[in-house]
Amino acid sequence: MKEAKVVVNNKVGLHARPAALFVQTASKFKSEINVSCHDPKEDKLRTANAKSILGILTLGVFQGIEITIKADGEDEADAASTLADLVKNNFGEEA
Amino acid sequence: MKKLNGVAASRGICIGPAFQFLRTELNTEKKEISDPEAEITRLDAAIQTAKDQIQSIYEKALTESSEADAEIFQAHKMILDDPELITTIKSRIQNEKINCEFSVYETAKQFAATMAAMEDEYFAARAADIMDVANRLLRVLMNVADSPTAGLKEPSIILADDLTPSDTVLLDKSKVMGFCIAHGSATSHTAILARGLGLPAVAGVGIDVMDVLTGDMLIVDGTNGVAVIEPDADTENQYRKRMETSKSIQAEALKFAKDKAATTDGVELEIVSNIGNVEDAKFAVENGAEGVGLLRTEFLYLERNALPTEEEQYQAYKAILEVFGKHPVVLRTLDVGGDKEIPYLNLDKEMNPFLGERALRLCLNRPDIFKPQLRAALRAGVGHNLKIMFPMVATLCCVRSAMVVVNECKAEMKKEGIPFADDAEIGIMVEIPSAAVIADQLAKEVDFFSIGTNDLSQYTMAADRTNPKVAELSNAFQPAVLRLIKMVIDAAHAEHKWVGMCGELAGEPLAAPILVGLGLDEFSMSPPFIPLVKQIIRNLDAEEMIDLAKGALQLESPDDVKDFVKKEVPFINEVIS
């Protein structure tokens with residue numbers, strides 16, 4: 001299993017277009033991928049399937065929140081680093 | 001016969017059969033099944049069909065509508081691809097041995113509820129998307145026609161609660177005579193669509209859509225906000241007569257559309273058009289526009305990923321100016337704020353975008369937006385009659401700051417040796433009450449005013465014109481608004497400056513006598529209104545209208561004002577049907 005921690009810095013967080021792009025990218029990999037983040041309101045860790053747009057949206061990741069991407073499967077290293085880069089590059093938008 | 005009162009949502013009368021726009025109640029009753037595998041195969045096939053349908057709607061929306069509208073359907077496709085949603089639906093079929101329909105409905109409802117509970121407009125919209133997709137899947141599973149409009153075979157009046165964007169894409173517009181909307185307001189999605197198509201519409205008639213059947217005779221009077229169901233012969237004849245009169249008046253007016261609008265005592269007024277792109281420009285000329293009183297430039301900025309370049313803007317403005325040759329074209333600089341979705345501008349979300357950093361306020365803070373637009377406009381103006389106008393002016397200071405930027409642009413171009421229209425008139429929109437109050441001071445600074453009555457009314461009355469509960473307050477016939485208009489015109493004339501009007505009031509037949517009486521110089525309106533307003537002006541005596549306007553300003557309500565005009569200028573009753 002491969003793991004990557006990354007802070008979401010783009011303006012809208014994991015919503016709208018960036019969320020769609022994230023899910024589309026994750027769906028290209030064979031590995032099982034999930035995303036988790038700490039929910040400050042309820043003080044607990046929440047996890048969603050990275051290939052599910054509804055899952056990612058309900059995770060409610062806004063600007064400035066750190067997420068953990070976990071990939072498990074034959075292409076896990078590639079999957080984790082590709083998704084982490086996508087977030088680091090602010091989904092190709094201006095921050 | 002049943003006569004219903006509602007809101008006048010789009011002018012005109014139509015008579016025809018109703019088309020009941022009804023979403024079929026989908027039966028999602030729970031049923032026990034014995035073969036979950038067969039049920040899942042049925043589900044997979046339905047998902048594929050639904051995806052194909054969405055793809056073709058997406059393509060239709062791309063060609064007929066905008067990319068932003070089309071994107072909704074891309075999001076719908078992603079929902080159908082969602083492993084969480086689909087796996088949950090399937091495992092419920094498997095584990096609980098229940099039918100597809102029930103599982104789809106229950107699961108989607110549960111996901112939508114989670115979204116809706118996040119108390120955010122964005123998620124609420126996604127919740128609606130999930131249910132929209134689930135309903136499509138259910139229609140496929142139950143073999144129900146894809147669109148409620150599929151049965152629309154002959155020209156009809158659409159009778160609906162309200163239409164969603166996805167409904168309007170699918171609507172065959174050539175078969176729509178008008179709209180009767182049970183709920184909604186003059187600003188609902190359907191009302192806006194109707195005005196864009198120039199079709200009559202009445203909203204908020206408060207009927208149960210189920211009470212009227214497809215094929216029932218219906219009259220929609222969008223001018224007065226009345227709907228008549230199954231009219232008796234007398235009523236139908238009356239409306240037919242009104243419709244014919246209005247048609248022949250329109251046709252008659254159109255014949256003379258290109259003639260000048262001069263009053264019986266020889267006062268010549270300038271009738272120009274509000275346009276938003278080069279197609280509008282051609283339509284405006286056909287309807288007799290003698291120029292442009294408001295060129296909205298937002299079209300260059302919407303639905304794209306980066307600011308338009310100076311060159312791109314220059315080409316676009318040039319194309320429009322060329323349609324009008326030596327006739328005046330008033331270009332309004334960018335008028336956007338926090339309410340418009342222009343992601344690349346990175347505008348902050350504001351609590352009150354209409355009272356926020358919008359229009360000129362934004363441009364003054366963003367020379368990267370303002371300067372290329374001013375340069376492009378001034379360059380395109382060479383050899384034409386270009387005028388530049390700033391929206392949302394509240395103080396003397398903001399006009400002066402804007403003039404500084406104009407002069408900077410001119411100095412730069414001079415240095416660079418680029419030709420530009422040095423003598424282009426510079427004016428402002430008067431749409432904020434403060435600007436109307438200090439119009440005497442502003443008139444010294446600029447070459448002209450154009451009164452934006454839509455915003456002037458809503459800011460003066462402190463009533464949001466998109467909120468149906470208070471929209472009636474924000475009416476330009478309010479005596480308070482009319483008095484401000486008089487102040488603005490008088491202040492400009494004292495400085496020998498001209499005054500135009502580019503709000504909806506300028507195209508309103510009942511307002512024409514008052515505006516002529518107040519001395520308005522230029523009337524700018526949507527192209528279809530031009531022939532009629534010209535025709536009305538040709539039948540007015542400007543001298544007499546001065547007294548009429550004085551009288552109107554002493555009245556107590558918009559209705560009093562309208563009744564007064566109808567009484568004093570009786571011929572107008574025949575043209576406004």
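**Close-up views of a predicted two-chain model**

View 1. Buried describes a residue with 20 or more other C-beta atoms within 10 Å of its own, exposed one with 12 or fewer, and partly exposed one in between, with C-beta atoms placed from the backbone. Helices (H or I, at least four residues) and strands (E, at least two) are DSSP runs, numbered from the N terminus. Please keep in mind that this is a predicted model, in which local features need pLDDT of at least 70, side-chain atom pairs count only at pLDDT 80 or more, and totals for chains, interfaces and linings use all residues. Residues are numbered from 1 along each chain as its sequence is written, while chains are lettered from A and ligands numbered from 1 in the order in which they are written.

**View 2. The surroundings of I428(B).** Once neighbours within four places in sequence are set aside, I428(B) is in contact with M389(B), F390(B), V393(B), V399(B), L442(B), V446(B) and F449(B). Contact means that the C-beta atoms of two residues, placed from the backbone, lie within 7 Å.

View 3. In chain B, 8 strands form an open sheet of mixed pairing, in the order β1-β8-β7-β3-β4-β5-β6-β2. Strands pair if DSSP finds at least two bridges between them. At the edges are β1 (2-5) and β2 (7-10) of chain B, each pairing on one side only. From one strand to the next, the twist averages 30°. Helix α8 (residues 233-255) of chain B packs on the sheet and touches β3 (13-20), β7 (217-221) and β8 (226-229) of chain B. The direction of α8 makes about 120° with that of β3(B); axes are lines fitted to C-alpha atoms, for helices over the stretch in contact, and angles run from 0 to 180 degrees between N-to-C directions.

View 4. Strands β5 (residues 176-181) and β6 (residues 201-203) of chain B run parallel and are joined by 2 bridges. Look for F179(B), which stands opposite A201(B) in β6(B).

**View 5. The antiparallel sheet of chain A.** Chain A has an open sheet of 4 strands in the order β1-β4-β2-β3, with antiparallel pairing. Its edge strands are β1 (2-7) and β3 (44-49) of chain A. A set of 6 bridges joins β1(A) to strand β4 (residues 66-72) of chain A, and K5(A) stands opposite T68(A) in β4(A).

**View 6. Where chain B meets chain A.** The contact takes 12 residues from chain B and 12 residues from chain A. On the chain B side, α2 (67-80), α3 (83-96), α4 (100-116) and α5 (121-142) each supply at least two residues.

**View 7. The loop around P419(B).** P419(B) sits in the loop between α13 (396-416) and β14 (425-430) of chain B. This proline counts as exposed because 12 other C-beta atoms lie within 10 Å. The C-alpha atoms of P419(B) and R379(B) are separated by 6.3 Å, although the two residues are 40 apart along the chain.
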